[in-house]
Amino acid sequence: MSTLQSLFVLLLVAYVGGFLMGGRGLRGRGLPSGSEWLLAGLVAGPSALGLVGGAEVARFAPLALLATGWIALLVGLTLGVDGERRVGAGAVALGVIVGLLSLAGVGGAVLLVLERVPAAGALFPDQEQRLALAVCLAAALADTSRHVARWASERLGAGGPLIERVAGITRSDDLVPIAAMSLLMSLDTSRGVMALPGGGLAVGGVLGLVFAGLLGRSLRPVTFWSLLFGFSLLGTGLAQRLDLSVLATGFSLGLFLAIASPLRAQARTLAGGVEGAVILPALFLAGARTDMVSGPALWIVAAALLARLGTALLAAAVVAAVDPVARRGGPGLSLAFFSTGPLGIAIALSVNLRYPGPVGDLVLATTVAAAVAGEFLGPPALRRALRRAGEVPT
Amino acid sequence: MSAPARKGPWTRLLELGALLGLFALMLGVERLAGSLPGEWQRTGRDLAAVGFFLLAGTLASSLLEVVRLPHLTGFLLAGIVAGPYVLHAVDHQTVADLSVVNSLALSLIALAGGAELRLEALRRGFRSLVAATVVQNGLALLVIPTTFVLARDLVPFTRGMPLPAVFAVALLWGVVAITRSPSAVMGILSQTRPAGRLTDFTVGFVMSSDVVVVVLLALVMTGVRPLLEPGATLSLAAFGELGHELLGSVAIGTTLGLLLVAYLRFVGRQVLLVLLLLGLVVVDVIAYLRFEWLLTFLTAGFVVQNFSRQGEKLLHAIENTGEVVYVIFFATAGAHLDLPLLKTLWPAALLFFAVRAATAVVGARLTARLAGDPPELRSWGWAGLVSQAGLALGIAARMQGQFPAFGAQFGALAVAAVALNELFGPVLFKLALDRSGESGKGAAAAGGGS
């Protein structure tokens, strides 16, 4: 496939994605977190049919990088906000707890398998590599898909305190994996750039504040787009050059823009309008970059997925223990926290780009597996919980 | 394009601080990571450069509003200062990597140019337009190439060329010289909101001049090739191919225009992605089929504007997309500017700028006499024709591909001359609209109408 054909395919994917996720009626079709796009990329990619070759996939690496930064920017811009409603402090705290539980659980399980299963450990003999793998896998799987709650609201017409609480938690747990990735990448000096702890968050924060200042108090859409594209591209490029986390920079840029600008609501509306055109091609690219896992590496995949499931159950139990609203959903709510969304895929994609080879491949493959499995377990579980709570119209 | 909001001194100060900060940031990162090898560095460099150009261009253009200079000058200046010949915040390789945006920008310019050609306005000023098209272009194609040949000592890359080859390059320069700037004209119109004969004439002439330029460019490039490339020959078959190319381009443009009408009418969503598809993919397909894609897009825009009710929707979509693309396009063009070469070319650029402007003044007087134009056209009909922008730079960029032996230096001379035209052109046009009393009349009419 030539560059032109690849570009055409990608634009077509973006186009269809924009249709499916643009404007009102988000997620009107397709799976809640868009995992069919992951599978489409996987099937079309070099690991399966080879319709998109390895060279083409590599050629689109800058676009994949840009997409991860953009997804993180949208997450930062909407952190702690559900639509036009601000999420309460309680939901934010629960979100952070859920994220930390998942991070610790998955990271610990991966390190344990690497230590206790010699065949798996032999794949990653270097301690630094093991740590990188554990942190990256834990970060990628620590995201609970916010799209599942959106799907329930928009497709099922759900409404009530439980769905609001779930939406609030899924919109607040993103801080944990992004901070973990920021710390890991900024301390990594293997590419010859000095360690700049938290550098990605700092660069994004400064850019976000300047953005807010320049935006002022009246929004002219053309200027907004110039600034948004400009700051997003600049942040992504600088983070890449300084070997910082692109995700952290994008996230911090969006977050500080939302904090400092009085035009945050309009900015969210405008930026959110192109969400589909970015997320679905990113999922397609992630699928195309995914390599099949076999042999002892399957131990690591299995450990990570089981740990993810276990921490989802634990997280639901913790949430139910401290929050009477969550108890109304019953035990079915547990699996709702198993869904991994586009941010998880973006984290895995950025790891795949930053650590090409065994670490990047394994993190991406595991996250894709988690996203697909979560797609079939999470939404039905959430629907059952919402029905039990009487929040889905009959 | 809407009129810019009035900004206070604190906003300007913030913009200036942000602009300086951006330069410092780029230079600081270059110092920290500039020596690191690897594809990952190149990716980061490219992405950061696009973002930087967008921001620096936007900020510089906003700051230049204070001294009433057009936005385009700000984009160019940002690129020049950041580019590899001044501060080196963006290097040669990155500038070359960013050139991919050229076809996208030019396709949007051509599409918008076609959509600005309204049949009703063309019919109303038909006599003046025809006279001006013949006189202005004829005079320019006579005077400017002659000046080029006579002043060839000022143009280093023609030294050592045989006289027929110099004549051929001079004709190509003549085609570049007859290009105008739709974007500059529209920018001034959006600022001054004028109405009247001068306004109608300038819009009609500048937009239709794109068609003339595209046709003349194809004719001249076919005609001069044997003079520049020893192996090439000129035959009637070549003109047959040219006719096929032009008619085919119009036919494809018409089809594309009708498809766009259907899309805008029945779907109307994701127009941004459709424009990207056109600019990044369809351009290559048309070029692969050996058709003239600028003419194709002009025709498509014309069809959408005049054979449907979707013209304003298309223009609005291009306007939203365009500014972002134009900033990168012009800033990259500025960064391309070969300053060491310019040091040797500036006398030529200044001479060609002066001769081109003088030709436009004389042409306007002759046209007015032939067509019986009113006084405002006789006095100021030339003022909107001085600006040059995207099309001239785009043609110069095409020359680099078509004639690699001198294309780069030709391009540098074009950027130098366009910079002067762009610096003074919009100022002159605004002055003309003010002096002829047309400024603000459009806004007043709209207010009265409502």
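A:Asp174 and A:Arg146 are both buried, where buried means under 20% relative accessible area, exposed means over 50%, and partly exposed is in between, with a 1.4 Å probe and protein chains only. Their side chains meet in a salt bridge, 2.6 Å from N to O. By salt bridge I mean a side-chain nitrogen of Lys or Arg within 4 Å of a carboxyl oxygen of Asp or Glu. A:Asp174 lies in the loop between α9 and α10 (175-187) of chain A, and A:Arg146 lies in helix α8 (residues 146-155) of chain A, so this pair ties together parts that are 28 residues apart in sequence. Helices here are DSSP runs of H or I with at least four residues, strands are E runs of at least two, and the numbering starts at the N terminus.

Ground rules, quickly. This is a predicted model, in which local features need pLDDT of at least 70 and side-chain atom pairs count only at pLDDT 80 or more, while totals for chains, interfaces and linings use all residues. Residues are numbered from 1 along each chain as its sequence is written, chains are lettered from A and ligands numbered from 1 in the order in which they are written, and side-chain values use heavy atoms, with hydrogens and water left out.

Back to the charges. Side chains of opposite charge can pair when their charged atoms come close. How many salt bridges does the structure hold over all chains? There are 12.

Next pair. A:Asp188 and A:Arg354 meet through their side chains in a salt bridge, 3.1 Å from N to O. This one links distant parts of the chain, 166 residues apart. A:Asp188 sits in the loop between α10 and α11 (199-215) of chain A, and A:Arg354 sits in helix α19 (residues 342-354) of chain A. Both A:Asp188 and A:Arg354 are buried.

Now chain B. The side chains of B:Arg42 and B:Asp97 form a salt bridge, 2.9 Å from N to O. B:Arg42 is in helix α2 (residues 39-64) of chain B, B:Asp97 is in helix α4 (residues 92-97) of chain B, and the two are 55 residues apart. Is B:Arg42 buried or partly exposed? Partly exposed, because its relative accessibility is 32%.

Then there is a network. Salt bridges that share partners join A:Asp188, A:Arg191, A:Asp243 and A:Arg354.

Stay with A:Asp243. It is found in the loop between α12 (221-241) and α13 of chain A. At 3% relative accessibility, A:Asp243 counts as buried. Check its backbone, too: phi is near 55°, a positive value in a residue other than glycine.

Chain B has a positive phi as well. B:His88 has a phi of about 65°, although it is not a glycine. Its place is in the loop between α3 (71-82) and α4 of chain B. B:His88 is partly exposed, with a relative accessible area of 36%.

On to helix packing. Helix α4 (residues 61-77) of chain A packs with helix α13 (residues 246-260) of chain A at about 35°, with axes 7 Å apart. Axes are lines fitted to C-alpha atoms, for helices over the stretch in contact, and angles run from 0 to 180 degrees between N-to-C directions. α4(A) passes α13(A) in a right-handed crossing, that is, the near helix is turned clockwise from the far one by less than a right angle, with anticlockwise giving left-handed. Residues meeting there include A:Leu65, A:Ala72 and A:Leu73 in α4(A), and A:Leu247, A:Phe251 and A:Leu257 in α13(A). The residues of this contact divide into 12 nonpolar, 5 polar and no charged. Nonpolar covers Ala, Val, Leu, Ile, Met, Phe, Trp, Tyr, Cys and Pro; charged covers Asp, Glu, Lys and Arg; the others, Gly among them, are polar.

α13 of chain A also holds A:Thr249. At 1% relative accessibility, A:Thr249 counts as buried. Leaving aside neighbours within four places in sequence, what is A:Thr249 in contact with? A:Gly200, A:Val203, A:Gly204, A:Gly235 and A:Ala239, with contact meaning heavy atoms within 4.5 Å.

Last pair of helices. Helix α5 (residues 89-116) and helix α9 (residues 161-170), both of chain A, pack at about 55°, axes 7 Å apart. α5(A) and α9(A) are therefore oblique to each other; under 35 degrees is roughly parallel, over 145 roughly antiparallel, 65 to 115 roughly perpendicular, and the rest oblique. The crossing of α5(A) and α9(A) is right-handed. Its contact residues divide into 4 nonpolar, 2 polar and 1 charged.
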